[in-house]
Amino acid sequence: ILEEERAAIPMGGQDPIVPQRTVGVGSCASHIHPASGYMVARALEMVPSIAAAVAPQLKTLRSKLEAGQPLTAAELESVSVA
């Protein structure tokens with residue numbers, strides 16, 4: 001053995017706080033492999049499809065906020081289930 005390495009990889013974590021300005025992806029959204037703690041390749045692979053699904057909804061919500069209209073819980077939930 002030339003060298004030993006130790007690391008602590010947090011598993012899980014807190015759920016995102018809604019509403020928030022950042023959409024969690026990968027480990028920030030608790031997408032971690034339960035045995036290894038790794039999810040980098042899969043998370044990076046998922047990002048374009050997540051962005052494509054969520055972007056139109058976020059644009060609609062932003063327009064509503066900019067018009068001074070309040071958002072409902074159902075509207076916020078619609079983004080998380082996209």
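Student: Leaving aside its neighbours within four places in sequence, which residues is L71 in contact with?
Tutor: This is a predicted model, in which local features need pLDDT of at least 70 and side-chain atom pairs count only at pLDDT 80 or more, while totals for chains, interfaces and linings use all residues. Residues are numbered from 1 along each chain as its sequence is written, and side-chain values use heavy atoms, with hydrogens and water left out. Contact means heavy atoms within 4.5 Å. With neighbours within four places in sequence set aside, the contacts of L71 are L61, K64, L65 and L76.

Student: Where is L71 found?
Tutor: Helices are DSSP runs of H or I with at least four residues, strands are runs of E with at least two, and both are numbered from the N terminus. By C-alpha atoms, L71 is 7.4 Å from L61 in space and 10 residues from L61 in sequence. L71 itself is in the loop between helix 1 and helix 2.

Student: Is L71 buried, partly exposed or exposed?
Tutor: Buried means under 20% relative accessible area, exposed means over 50%, and partly exposed is in between (1.4 Å probe, protein chains only). The relative accessibility of L71 is 24%, so L71 counts as partly exposed.

Student: Which residues in helix 1 are buried?
Tutor: In the protein, buried residues make up 11% of the 82 residues. Those in helix 1 are A43, M46, V54, L61 and K64.

Student: With which residue does the side chain of E75 meet in a salt bridge?
Tutor: A salt bridge is a side-chain nitrogen of Lys or Arg within 4 Å of a carboxyl oxygen of Asp or Glu. Side chains of opposite charge can pair when their charged atoms come close. For E75 the N to O distance is 2.6 Å, and the partner is K64.

Student: How many residues apart are E75 and K64?
Tutor: The salt bridge joins the side chains of E75 and K64. The pair links distant parts of the chain, with E75 in helix 2 (residues 73-80) and K64 in helix 1, and the separation is 11 residues.

Student: Which backbone nitrogen does the side chain of E75 reach?
Tutor: Leaving aside neighbours within four places in sequence, E75 is in contact with L61, K64 and P70. The side chain of E75 also comes to 2.8 Å from a backbone nitrogen, that of T72.

Student: How far apart are the closest N and O atoms of R62 and E66?
Tutor: R62 and E66 both lie in helix 1 (residues 40-66), four residues apart, about one turn of the helix. Both R62 and E66 are exposed. They form a salt bridge, and the closest N and O atoms are apart by 3.0 Å.

Student: Why does E4 count as exposed?
Tutor: E4 and R6 meet through their side chains in a salt bridge, at 3.9 Å from N to O. R6 is exposed, with a relative accessible area of 76%. E4 counts as exposed because its relative accessibility is 60%.

Student: Where in helix 1 does a kink lie?
Tutor: The bend at a residue is the angle between axes fitted to the seven residues ending there and the seven starting there. In helix 1 the kink is about 35°, shortly before the proline P48, and lies at V47.

Student: Which residue just after helix 1 takes a positive phi?
Tutor: There are two helices and zero strands in the protein. Just after helix 1, a positive phi of about 80° is taken by G68.

Methods: A polar contact is a pair of N or O atoms within 3.5 Å; within protein, one must be able to donate a hydrogen and the other to accept it, and residues adjacent in sequence count only if both atoms are side-chain atoms.
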